[in-house]
Amino acid sequence: MILSEYETYLKETLSVKRFRHSVNVASASKMLAKHYGGVDSETAYFAGLVHDICKEEPKDVQFSLMMQSTLDVCDEERRSWKVWHGIAGAQLLQTRFGVTDLDVLNAVRYHTVGRGGMSMLEKIVFLADVISEERDYPDVEIMRKRAMESLESGMLYALEMSILKLIHREAWIPHHTIDAYHENLAARKAAGRMNGSYE
């Protein structure tokens, strides 16, 4: 399928608000890809565009697709329906649309929870989702600043916010999220040691 066909599909299956968010995430992904280099900006745009492809599917559809996934789905995610859409989206892209780019599939699958060992594209889509144009939560401008400083700085700040939010809601925290947090924390501490700052 060409990009315009995906856009048509998304317009038909998402609300106006969710479609606008998807386009904003695509634009932010493309911007971050150009800012950091190392990732094709059009691939980043596509991954951002389709990241929420299953967001407004019924829960039973999301669950069914998630349970078909060959990607690593942990028990905490199975208990947390708010993250099903990422896993389901990757599965839908693979089975219905024939997307074979594993980096794109992982970017969609992990855009909500993160994971250890994320690729640059995965980090870009994760961050684009939290800094997209329509976002107006408290500290969004700090989040946008961190995302432009470095991918690791942006990821660490985003993961801290996500984990604190999950704790406040007494929600399940996937081990993928904890792994991502520890990895980015270690990167920040290593950078601090290199700069002569010891913790």
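Biologist: Why does alanine 28 count as buried?

Modeller: This is a predicted model, and every value is computed from it. Alanine 28 has 8% relative accessibility. Buried means under 20%. The value falls under the cut-off, so alanine 28 counts as buried.

Biologist: Where is alanine 28, and what does alanine 28 touch?

Modeller: Alanine 28 sits in helix H2. Leaving aside residues up to four places away in sequence, alanine 28 touches Ala128 and Ile131. Touching here means heavy atoms within 4.5 Å.

Biologist: How far apart are the C-alpha atoms of alanine 28 and glutamate 152?

Modeller: They are separated by 17 Å. Along the chain, the two residues are 124 residues apart.

Biologist: Now the loops. What makes serine 69 buried?

Modeller: Its relative accessible area is 14%. The limit for buried is under 20%, so serine 69 passes. Serine 69 lies in the loop between H4 and H5. Its contacts are Ile87 and Gln91, not counting residues up to four places away in sequence.

Biologist: Why is aspartate 139 called partly exposed?

Modeller: Aspartate 139 has 39% relative accessibility. Buried needs under 20% and exposed needs over 50%.

Biologist: What makes glutamate 170 exposed?

Modeller: Glutamate 170 has a relative accessible area of 76%. Exposed means over 50%, so glutamate 170 qualifies. Glutamate 170 is in the loop between H10 and helix H11 (175-194).

Biologist: What is the phi of aspartate 139, and what is the phi of glutamate 170?

Modeller: Aspartate 139 has a positive phi of about 75 degrees. Glutamate 170 has a positive phi of about 55 degrees. Neither residue is a glycine. Most residues other than glycine have a negative phi.

Biologist: On to the rings. Why is the pair of tyrosine 6 and phenylalanine 97 called tilted?

Modeller: The structure holds 4 aromatic pairs. In this one, the distance is 5.4 Å centre to centre, with 45 degrees between the planes. Rings pair if their centres lie within 6.5 Å, so these two count as a pair. Under 30 degrees would be stacked, and over 60 would be edge-to-face.

Biologist: What makes the pair of tyrosine 9 and phenylalanine 97 edge-to-face?

Modeller: The planes stand at 75 degrees, with the ring centres 5.0 Å apart. The distance is within 6.5 Å and the angle is over 60, so the pair is edge-to-face. Tyrosine 9, in helix H1, and phenylalanine 97 are 88 residues apart. Both of these residues are buried.

Biologist: Which residues do ring pairs link into a cluster?

Modeller: Tyr6, Tyr9, Phe46 and Phe97.

Biologist: How do you know that the buried residues of H9 line one face of the helix?

Modeller: In helix H9 (residues 140-149), the buried residues are Val140, Met143, Arg144 and Ala147. Seen down the helix axis, they fall within an arc of 100 degrees, so they line one face. The face turned away carries the exposed residues Glu141 and Lys145. H2, H8 and H10 are among what covers the buried residues of H9.

Biologist: And why do the buried residues of H4 line one face?

Modeller: Helix H4 (residues 59-68) has Gln62, Leu65 and Met66 buried. Their arc down the axis is also within 100 degrees, so one face holds them. Their cover includes helix H5 (75-78) and helix H6 (84-95).

Biologist: Last, the largest pocket. What lines the largest pocket?

Modeller: The lining has 35 residues, with Thr112, Asp129, Arg135, Lys165 and Arg169 nearest the centre. Helix H2 (16-36), helix H8 (120-131) and helix H10 (151-168) are the elements giving two or more residues. H10 gives the most, with 5 residues. The space inside is about 1200 Å³.

Note on methods. Residues numbered from 1 in each chain as written. Predicted model: local features only at pLDDT ≥ 70, side-chain atom pairs only at ≥ 80, totals over all residues. Heavy atoms only, no water. 1 Å grid on protein atoms, 1.4 Å probe; cavity = no way out; pocket = protein on both sides within 12 Å on 5 of 7 lines; lining within 4 Å. Points joined across faces, edges and corners; volume = space filled by probe spheres on them. Helix = DSSP H or I, 4+ residues; strand = E, 2+ residues; numbered from the N terminus. Buried < 20%, exposed > 50% of the residue type's maximum accessible area, 1.4 Å probe, protein only. Arc of directions from axis to C-beta. Phe/Tyr/Trp six-rings, centres within 6.5 Å; stacked < 30°, edge-to-face > 60°.
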